[in-house]
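Here are my notes on this one, as numbered points. Have the sequence and the model open side by side while you read.

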Amino acid sequence: MISFASRLVPTSFVRRDALASALSSLRCMSSIPPTMKAAVVREVGDAHALKVENDFPTPQLKPGQVIVKNEYAGINFIDTYHRKGLYPRDLPFVGGQEGGGTVAAVSDEAASQGIKIGDPVAYSVFGSYAQYTAVPAAKLLPVPEGVGLDVATSCVVQGLTAHYLTSSAHADLIKPGEWCLIHGVGGGTCQWAAQMAKLRGFRVIGTCSRGKADVASTLGCDELIVLDEVPGASYEDYESVDIVTRVMEVTDGEGCKAVIDGIGKSTVDISINSLAHRGIFISFGNASGAVPAFPVLRLIGKSAYVTRPKLLDYTVDRAELVSRADEIFGWLKEGKLNVSVDRAFPLDQAAEGHIYLEAGKSKGKVLYKID
Ligand SMILES: NC(=O)c1ccc[n+]([C@@H]2O[C@H](COP(=O)([O-])OP(=O)(O)OC[C@H]3O[C@@H](n4cnc5c(N)ncnc54)[C@H](OP(=O)(O)O)[C@@H]3O)[C@@H](O)[C@H]2O)c1
């Protein structure tokens, strides 16, 4: 096709590479069907509000974008908050905000940055529970050889979150050799966080439920506190062990300079009470429910700090996004990080994927496999 066009248009009038890229985009767009399979929320509600549709309009390529043919989409708690309406969004919307696949069409602007059809990529933008997603080139993470697309997809939200939690959100109030408490290290984000905290030289106390102790015990935590499960559930009963007393024993009464807590409501008191003087409570999630309001005066006992961070504020520009991803992909290639992909549901079982995540059963990343 390119040589055919080159015969028609004198190359002195047209830059050959721009022409090739434009034609190549056109060719690939024409092979992308006008409608696609997608898991769509038209009305907020329980997991069944996520409905698989086979004729949802495929996104159109806009300047600066690429179209990714998704192979995997990550399932994250935030997707359930969007589905339920806890974090409101305009309806209808295609679920998800984490995906991985290959580039299927490239705008001229993206092509000029060296992005090519067929490149393996991962990304975080809305609308990943679908066969195709339009992604701004600035949001693309090229997946290096040796890193699988499932692992790369898992990295985009949970891996990058664990990275900023262990490198930046603590505001340097913890130093190598000091203690860090991380809750729920059998879960997705905190499996990564425990390993990364060790790579940063911190001493790590992890908590996990009994059913996830097999995974949690492989992460290199200096101390693992294994708790019973809430009867009938798959997650920790945070009252089954006196975590604060155990933390104080392990740290010789000092407490932890940083506590990384994605559990929320069930653990807020444990987290604050486990802090060392001038330690920081990093409350990054609400797997058990939102953290209730508490008086700032409560922090005076230890002159403690508190932060409630989010990933977007720690990937503010392309340079920050890529530098975090590069470090993670480097660790993965060197075998310093192990990521467990717990399950991959077919996209046709969209509701089941959400039900599974919300039940607290996952021992690592939960994905959709998209054909
Ligand atoms: N702020 C950010 O930048 C950011 C980024 C990513 C995620 N998040 C948030 O962080 C939280 C955790 O996300 P994740 O992706 O790590 O989830 P995950 O892989 O499911 O892990 C969360 C862990 O929480 C525990 N858990 C689950 N349901 C629970 C419940 N109902 N009550 C008590 N504990 C429960 C489980 O651990 P045990 O079995 O050991 O109890 C589970 O392994 C979510 O609220 C998510 O939205 C925030």
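1. Start with the ligand. Domain 1 (32–156 + 318–369) and domain 2 (170–308) both give residues to the shell around the ligand, so the shell lies between them. The domain bounds come from an automatic or database domain assignment.

2. Two housekeeping remarks. Residue numbers start from 1 along each chain as its sequence is written. This is a predicted model: local features need pLDDT of at least 70, side-chain atom pairs count only at pLDDT 80 or more, and totals for chains, interfaces and linings use all residues.

3. Who surrounds the ligand? Of the 32 residues around the ligand, those that come nearest are Gly187, Gly188, Thr189, Gly285 and Gly360. "Around" here is a distance test: the C-beta atom of the residue, placed from the backbone, lies within 6 Å of the molecule. By class, the shell has twelve nonpolar, 17 polar and three charged residues. Ala, Val, Leu, Ile, Met, Phe, Trp, Tyr, Cys and Pro count as nonpolar, Asp, Glu, Lys and Arg as charged, and the others, Gly among them, as polar. Helix H3 (77–84), H5, helix H6 (188–199) and strand S10 (203–209) each supply at least two residues of the shell. Helices (H or I, at least four residues) and strands (E, at least two) are DSSP runs, numbered from the N terminus.

4. Now the two domains themselves. The centres of domain 1 and domain 2, taken over C-alpha atoms, are 29 Å apart. Domain 1 puts 13 residues into the contact and domain 2 puts in 15 residues; contact means that the C-beta atoms of two residues, placed from the backbone, lie within 7 Å. On the side of domain 1 that touches domain 2, there are four nonpolar, five polar and four charged residues.

5. Next, the largest nonpolar core, which has 96 residues. A nonpolar core is a set of buried Ala, Val, Leu, Ile, Met, Phe, Trp, Tyr and Cys residues joined through C-beta atoms within 7 Å. A residue is buried if 20 or more other C-beta atoms lie within 10 Å of its own, exposed if 12 or fewer, and partly exposed in between, with C-beta atoms placed from the backbone. The residues with the most contacts inside this core are Val66, Cys180, Ile182, Ala193, Cys256, Ile260 and Tyr368. Helix H5 (residues 149–167) gives the most to the core, with nine residues. Because both domain 1 and domain 2 give residues to this core, it lies between them. As background, nonpolar side chains tend to be buried together in soluble globular proteins.

6. Not counting residues up to four places away in sequence, Ala193 touches Ala162, Leu165, Thr166, Ile182 and Ile260.

7. Is Arg324 buried or exposed? With 23 C-beta neighbours inside 10 Å, Arg324 counts as buried. Leaving aside neighbours within four places in sequence, Arg324 is in contact with Leu160, His163, Tyr164 and Thr315. Val322, with 16 other C-beta atoms within 10 Å, is partly exposed.

8. On to the strands, which count as paired if DSSP finds at least two bridges between them. An open sheet of three strands runs in the order S2-S1-S4, with antiparallel pairing. Strand S2 (50–57) and strand S4 (93–94) stand at the edges, each with a single partner strand, so one side of each is left without a neighbour in the sheet. Strand S1 (residues 35–41) is joined to S4 by two bridges, and Val41 has Phe93 as its bridge partner in S4.

9. Elsewhere, strand S5 (residues 99–106) and strand S6 (residues 120–123) pair antiparallel over four bridges, with Gly99 opposite Tyr123 in S6. In contrast to that antiparallel pair, strand S12 (residues 256–261) runs parallel to S13, joined by five bridges. Asp261 stands opposite Ser283 in S13, a strand in which seven of the nine residues are buried.

10. Finally, Pro292 sits in the loop between strand S13 (275–283) and strand S14 (305–307). Pro292 is exposed, with 8 other C-beta atoms within 10 Å.
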